[in-house]
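Subject: Structure handover

Hello,

Here is the structure you will be working with. Please open it before reading on; my notes follow below.

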Amino acid sequence: QLILDTLDKEGTIKDTRTLVLPGYKEPAATHDSQIIILGALNSLSSRDMITYTTQETVSHVLTQEGAQIALQGSHEARVWNACPMKGEGPPLPIKELQGKVGPETAKIGQGQAFKNKWIGKEGDGLVKLVSSIADTTQLQMREVDSTGTLKAGEKALADLRKRKLIAQRKGQWFTVHKGPQFSTSTAKPETDLTVDMLTSGSWKTATYKKYNFEAAGIPPNGGALHPLLKVREEIRNIFFEMGFAEMPTNTFIESGFWCFDALFVPQQHPAREVQDTFYISDPVESLPPPKAYYERVAKVHEHGDYGSTGYRAPWSHDESRKLLLRTHTTASSANMLWKLAARCRGEEGEADAEGVVQREGAHATATVPGAGKMGPDGFRPAKLFSIDRVFRNETMDATHLAEFHQVEGVVADRGLTLADLIGFMRVFFRKMGIENIRFKPAYNPYTEPSLEIFAFHPQLKKWVEVGNSGMFRPEMLEPMGFPKDVHVHGWGISLERPTMIRYGINNIRTLVGHKVSLESVERSPAVRF
Ligand code: PHE
C-alpha cells in the first residue's frame, strides 16, 4: 500500500531506500527492509500494477563486536566510564579495571583512552581527565547500523572494516514505476467470472488476473488402462484388421473333456495332473458333454478311428467329467470349432443360418462369429481369436504367475497347409513389430506338425520363444464332424510376455498383482506396435 500510495503521489519511486516503512522512524535503508520491499514489488508486478528495476549496492553491517559497541560504547569509552573524575574520589586501582569492564575491554580500551587523553594515572590508579567525551566509534556503529554506510565516506568505512567492526554486504534497492494495471487498491484481481458479478454488474469495473498461458496446468485425474489392457487392445486390432472375429471365452471353468479330451490330449498326460492344474472340488463333476460326440472322442482315444490307432489306453469317464480352471483358451477354441461343425454333423436345429448353436453345460447360446459362406457339406470357413485368462498350478517367480492371459488364433478352411500357418504367422508378428521370427518343430498332443515360434529380442540380443502353434490333428477335428479336407491351424502366445517387453518390465509381479503401483499404471504410455 505504501508503494502504491507513494507512486500515486510522486509518479515514480527513484530509490526504495527512501521509503519509510510502517512502524519505522528511519527510511528503509537496511538490507532487511529492502527484502521486505522486494516481496511487495514482486507481488504487485505479477499483477502488472507496477514495474521495477533492481540496483545493486554494497552496504555495511556490524560485526558482533561492532554491534556490542553500538549498544555499550567503545572499549575506551567503557574504560573512561569506569573511572572516577579526577579529584572527585579515590582513583580506580589498575588491578580492579579488569573486573569492572572485562579483560578484553581493559586491554584495548586503556591504551586508546590514554591516547585520547580521556584518562590519566594517579599513583596506582586511574582517573577521568575530562568530564564528557564524544564516543565517535559508537556513533559510527549506530550510523552504519541504520544506514548501511557512513557519511564520513569510504576512508572511515575502510578503517572500521580493518578493525573488524563492520563488514561489507551486497545489497539491492529498487526503482519503481507505475504498471499498466496501476491502481491504489490492493484488492486481489478476479480470477473467475461469477453469476453474482454478472447480475450485479460488478464485472464491468472489476480487475482481472491476466491469463497465464505458460502455466503447466493440473493433470487430469481420470481412470487409466492397465498396460495389459492396452496391449490386448493393440492385438485385438491386428486380428480385426486381418478379418478375425472374437470368440466368447467367458468359461474360466471347463471340464476335462473340453480342456483336454476334445483336443486329443491323452487322459494320462502330465498336464492333467494336480500339480499342473487347479481342479474344482465343488461341484466335482461337469454336466455330460453331447453324447454322440463324447462317444466318438472316447473311441478315438481308446481304440483309434479315422485312420488313427488312438492311445489304446483305458478311458475314464471321471477324468473327462472333472471340473477345472482352464489351462488354455484352446478349450474355448475346441468348443467353437465343434459349434462350427454343427451343420457338417447335420444338426439343423442346433446351428441356424446365423451360426447360433446350443451347448450343454456352462455355455447357453452362442454364435460362431464371422463364419464364412456355407458349402454343400455344411462347412463354413472361419477365422477366430480370443484373448483371455488361463490358470496353471505354477510355482510363482519373476516370470511365472498361476494365472496369465493367452492370445489365441484359429483358422479353419479347406486345404490349409503348414505354409499357410507360417505365412500367416509372419504377417501377424510383423504387425506386432516383430520382423524376425523362426520356427522350431515341437510337440503338442492336439497339433501335428507343431511349431514353436521364436523371435529375435533386440535388447536381449537372443532368440526368445514367443508362441506355440500347429495344424490341429484329424483325431480332434474329425470326431467334431469336419470333412476331411477341412484343415484348422491354431496358435497361441501369452499377453504378458509382449507387454513386459514393450514396457521394459522384467518382474511379472510389477505388472500383475498386489504389488502393482497404480502410479505406474497411470503413467504407462499407450503402445503402438
Ligand atoms: N494351447 C497352446 C498353449 O497353451 C497354444 C496352441 C494353440 C498351440 C493352438 C497350438 C494350437 O501353449
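In which loop is the place of Pro-376? Pro-376 sits in the loop between β11 (365-367) and β12. Strands here are DSSP runs of E with at least two residues, helices are runs of H or I with at least four residues, and both are numbered from the N terminus. Pro-376 counts as exposed because it has 5 C-beta neighbours inside 10 Å. The cut-offs are these: a residue is buried if 20 or more other C-beta atoms lie within 10 Å of its own, exposed if 12 or fewer, and partly exposed in between, with C-beta atoms placed from the backbone. Pro-376 and Arg-343 are 33 residues apart in sequence, and their C-alpha atoms are 9.8 Å apart in space.

Some background on the model. It is predicted, so local features need pLDDT of at least 70 and side-chain atom pairs count only at pLDDT 80 or more, while totals for chains, interfaces and linings use all residues. Residues are numbered from 1 along each chain as its sequence is written.

The chain has a mean pLDDT (the predictor's confidence in each residue, from 0 to 100) of 89, and 95% of its residues reach 70 or more. Over residues 349-366 the pLDDT is below 50, and this stretch has 33 contacts beyond near neighbours in sequence. Two residues are in contact if their C-beta atoms, placed from the backbone, lie within 7 Å. Where pLDDT is low, the predicted coordinates should not be read in detail. For the complex, the predictor gives an ipTM of 0.93 and a pTM of 0.59.

The chain has 529 residues, of which 32% count as buried. It holds 18 helices and 17 strands.

Now the sheet. Seven strands form an open sheet with mixed pairing, in the order β7-β12-β13-β17-β16-β15-β14. Two strands pair if DSSP finds at least two bridges between them. β7 (245-246) and β14 (437-444) are the edge strands; each has a single partner, so one side of each is left without a neighbour in the sheet. β12 (residues 382-391) and β13 (residues 403-414) pair in the antiparallel sense over 10 bridges, and Ser-386 has Glu-408 in β13 as its bridge partner. β14 and β15 (residues 447-457) run antiparallel, joined by seven bridges, and form a hairpin with two residues between them.

Which residues are around the ligand? Among them are His-328, Thr-330, Glu-408, Asn-468 and Trp-491. A residue is near a molecule if its C-beta atom, placed from the backbone, lies within 6 Å of it. β16 (462-472) and β17 (486-494) are the elements that give two or more residues to this shell. The shell divides into one nonpolar, nine polar and one charged residue. In that count, Ala, Val, Leu, Ile, Met, Phe, Trp, Tyr, Cys and Pro are nonpolar, Asp, Glu, Lys and Arg are charged, and the others, Gly among them, are polar.

Last, the interior. A nonpolar core is a set of buried Ala, Val, Leu, Ile, Met, Phe, Trp, Tyr and Cys residues joined through C-beta atoms within 7 Å. The largest one has 59 residues, and Leu-337, Ala-412 and Val-488 are among those with the most contacts inside it. Helix α14 (residues 330-340) gives the most to this core, with six residues. Apart from it lies another core of 15 residues, including Ile-3 and Val-176.

Regards
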